[in-house]
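Hello,

I am handing over the structure we spoke about.

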Amino acid sequence: MAINLELPKKLDNTIDQARQAALQIFRPISRKYDLAEHTYPVELDTLASLYSGLAATGQAGAGAAGGRGDANKERPEGYVANGGNMQSVLNSMWASYGDVALMLSIPYQGLGNAAIAAVATDEQLEMLGGGDEVWASMAITEPSFGSDSAAVTTTAIADGDEYVLNGEKIFVTAGSRASHIVVWASVDRSLGRAAIKSFVVPREHPGVTIVRLEHKLGIRASDTAVIRFEDCRIPKEYLLGSPEVDVKKGFGGVMQTFDNTRPMVAAMAVGVSRAALEELRKLLEDAGVEIDYDRPAADQSAAAAEFIRLEADWEASYLLTLRAAWMADNKEPNSLQASMSKAKAGRTGTDVTNKAVELASTYGYSERTLLEKWARDSKILDIFEGTQQIQQLIIARRVLGKSSAELK
Ligand SMILES: Cc1cc2nc3c(=O)[nH]c(=O)nc-3n(C[C@H](O)[C@H](O)[C@H](O)COP(=O)(O)OP(=O)(O)OC[C@H]3O[C@@H](n4cnc5c(N)ncnc54)[C@H](O)[C@@H]3O)c2cc1C
């Protein structure tokens, strides 16, 4: 059977809109907000209204909580769903082609939105205004852990019709700007990882304090917050997914959110590395380097051969990312493919953007182009939502059929 690697025509609009935003809104203000770290890019308000329009017509993807979209509908035989996840991934990809930090700052497109789309019930989505009135950041990491998501110490103790949250979350992307925070907390620490659940908490709510913002190497236009929860009471309905603690099942429920968010982060790496490749191609051509796809790379100049190798890695990252999103839309278990996309794209993102600086040399290292910025911005995409090493560990476990206790 022939494999058709083309995207369905109905997604052209999504890509066009995101590319236009990337080139016309993001690129012109990229440097300005990189230098003015923590300043809210007001230009993004225009995009917020554009996205709420798209969400209303079902074109904005899981990031806008439209992700569940048509996933549960009955379909004719042979129907191929390319729903919310694919749209989200394409949105992330082409918006990041403009600027990753600004992409992470687009209202109503938070990683928490994809988490909500992954696990919220229909009633919860309705309670949250269909999801498109919610801009959700994602708060997992704590001062005591990063990679080991099972080590959550923040607690959410049931008290009547409410949960009472206590704890501190660090490095929360969009934490000070988003309207809501998806918080991972334990409902009973004595029951281990199975008791970890995610909760939607309004940011402006008694007991929620934004302690400070981080200064960073890259994605400087994106706010990264430390958030403290002190006797923060939320209605019981704000627990996402099932409240039951099933010690046999572990914490698959919350981990499921990564199946949606990892392909999105992979897409960001695909977007920023596409930008770097295009800029590099221009610079190489201006310098008289010919890239010839009809000749073996080994017969060409070192720069051309390197460029061809980088493009091949980019293509692999792109296809792995689309596959992971396609599987999520088609309700196929995709944890392995989500990690594969993130591992490959995360590494390719840093590789391509750093090689672009290297090949463009003084020009690439200076602020005359955005190449040095893209090299700084791309590193985080190989760290958050699970580092390169953690993705490799998950892939190895799944391929070898080992449990987390057997392969650490
Ligand atoms: C800019 C920025 C934004 C972020 N945004 C968010 C956010 O929105 N929400 C959120 O919850 N978190 C966020 N984070 C946190 C991020 O997810 C963590 O930094 C990441 O999970 C790694 O955790 P850590 O930094 O504690 O590193 P550690 O877990 O301490 O790891 C340190 C090193 O050891 C490696 N390592 C760890 N365990 C293993 C293992 N078993 N085998 C092999 N190697 C291993 C890691 O890969 C890493 O290289 C953000 C971080 C940054 C820098």
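The notes below cover aromatic rings and the charges placed over them.

Please keep in mind that this is a predicted model.

With ring centres required to lie within 6.5 Å for a pair, the count comes to five aromatic pairs. One of them joins W94 and Y97 in an edge-to-face arrangement, with 5.2 Å from centre to centre and 70° between the planes. Both W94 and Y97 belong to helix α3, which covers residues 84-98. They are three residues apart there, about one turn of the helix. As for accessibility, W94 has a relative value of 11% and therefore counts as buried. Y97 is at 3%, so it counts as buried too.

W314 counts as buried because its relative accessibility is 7%. Y318 has a relative accessible area of 15% and is buried as well.

W314 also has a charge over its ring: the charged end of R274 sits there, 4.6 Å from the ring centre. A further case involves F258, whose ring has the charged end of R262 over it at 4.0 Å from the centre.

Regards

Technical notes: Residues numbered from 1 in each chain as written. Predicted model: local features only at pLDDT ≥ 70, side-chain atom pairs only at ≥ 80, totals over all residues. Heavy atoms only, no water. Phe/Tyr/Trp six-rings, centres within 6.5 Å; stacked < 30°, edge-to-face > 60°. Helix = DSSP H or I, 4+ residues; strand = E, 2+ residues; numbered from the N terminus. Buried < 20%, exposed > 50% of the residue type's maximum accessible area, 1.4 Å probe, protein only. Lys NZ or Arg CZ within 6 Å of the ring centre and 35° of its normal.
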